[in-house]
Amino acid sequence: MSSSKSLSSADARWRQLASRYPVALIALAQLFGTSLWFTPNAVLTPMLASWNFAGESAGALGQLTSSVQGGFIVGTLTLGLAGLADRFAARHLFMASCLLGALTNLALILAPGLLSASALRVLTGLALAGIYPIGLKLMVQTAPDRAGAALAWLVGMLVLGTSLPHGLAALQLSGSFSLSWGAAIGMASLLAVAGAGLVALLPPCLPARHEGWPPGVIPVSCAAR
């Protein structure tokens, strides 16, 4: 009984924090979600070795990169042409995309070769179309009066998120620690799941800003549901 109460209390505290600092929460979720973008590129050498790949690593790198970029383009076009971003709540699309991306990224561990891995990267690119562009929409809906500054934070998180796997690879090359390529893939997927969890903490609707709000509070609009 006490454990359930403590969990409920912790959830309430997290949700209160999310209500006070939604911009920071969305930016952090974007950082975690976009870590999926170049994850296999950062662990390419050991991954190819596990497949007994006999071709050139540069060709494999190009194929994996173009696959995720192609999936992102197709996903963005689909969201725009089908009007999915207007028919569904931005926060729900973001969370679903993070979970889909985490799953397709994690499936790389089971991929038997480059062709199947490239297909999975296309699916991850489709998921990323629901993370980055939808994250932009969610940020504008959340902080319409500070959209410029909020979007700057979001773009910065995109740069950091896409570079996270390369930072991990650099640490491994420096000898700071050793991590298998499968574990690195799994860590990126866990970050994406965490990004979905952070956005889930956002309140679906808060009243408009008024004088009673504490300094620094940016209420979430009902449009962000």
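Glycine 62 is found in helix H5 (residues 57–82). The model is predicted: local features need pLDDT of at least 70, side-chain atom pairs count only at pLDDT 80 or more, and totals for chains, interfaces and linings use all residues. Residues are numbered from 1 along each chain as its sequence is written, and side-chain values use heavy atoms, with hydrogens and water left out.

**Overall build**

- The chain has 11 helices and 0 strands. Helices (H or I, at least four residues) and strands (E, at least two) are DSSP runs, numbered from the N terminus.
- The pattern along the sequence reads α-α-α-α-α-α-α-α-α-α-α.
- Of the 225 residues, 45% count as buried. Buried means under 20% relative accessible area, exposed over 50%, and partly exposed in between (1.4 Å probe, protein chains only).
- Among contacts between residues at least 6 apart in sequence, 78% join residues at least 24 apart. Contact means heavy atoms within 4.5 Å.

- Glycine 62 of H5 is partly exposed, with a relative accessible area of 36%.
- The C-alpha atoms of glycine 62 and asparagine 41 are separated by 9.2 Å. Along the chain, these two residues are 21 residues apart.
- The axes of H5 and H8 come within 6 Å and cross at roughly 35°. Axes are lines fitted to C-alpha atoms, for helices over the stretch in contact, and angles run from 0 to 180 degrees between N-to-C directions.
- The crossing of H5 and H8 is right-handed. A crossing is right-handed if the near helix is turned clockwise from the far one by less than a right angle, and left-handed if anticlockwise.
- Residues of H5 in this contact include Ala60, Gln63, Leu64 and Ser67. Their partners in H8 include Leu114, Ser118, Arg121 and Val122.
- By class, the contact of H5 with H8 has 11 nonpolar, 7 polar and 1 charged residues. Ala, Val, Leu, Ile, Met, Phe, Trp, Tyr, Cys and Pro count as nonpolar, Asp, Glu, Lys and Arg as charged, and the others, Gly among them, as polar.
- Serine 118 lies in helix H8 (residues 114–128). Serine 118 is buried, at 5% relative accessibility.
- Serine 118 touches Gln63, Leu64 and Ser67, not counting residues up to four places away in sequence.

**Helix H9 and its neighbours**

- The axes of helix H2 (residues 22–33) and helix H9 (residues 132–142) come within 10 Å and cross at roughly 175°.
- H2 and H9 are therefore roughly antiparallel to each other. Angles under 35 degrees count as roughly parallel, over 145 as roughly antiparallel, 65 to 115 as roughly perpendicular and the rest as oblique.
- Pro22, Val23, Ile26, Ala27 and Gln30 in H2 meet Tyr132, Gly135, Leu138, Met139 and Thr142 in H9. These residues divide into 7 nonpolar, 3 polar and no charged.
- Helix H7 (residues 90–106) packs against H9 at an angle of about 145°, with the axes 9 Å apart. H7 passes H9 in a left-handed crossing.
- The contact of H7 with H9 has 5 nonpolar, 2 polar and 2 charged residues.

**Salt bridge**

- The count comes to 1 salt bridge. A salt bridge is a side-chain nitrogen of Lys or Arg within 4 Å of a carboxyl oxygen of Asp or Glu.
- Aspartate 86 and lysine 137 meet in a salt bridge through their side chains (3.5 Å, N to O).
- The pair links distant parts of the chain, with aspartate 86 in helix H6 (residues 84–87) and lysine 137 in H9, 51 residues apart.
- Aspartate 86 is exposed, at 66% relative accessible area. Lysine 137 is partly exposed, at 25%.
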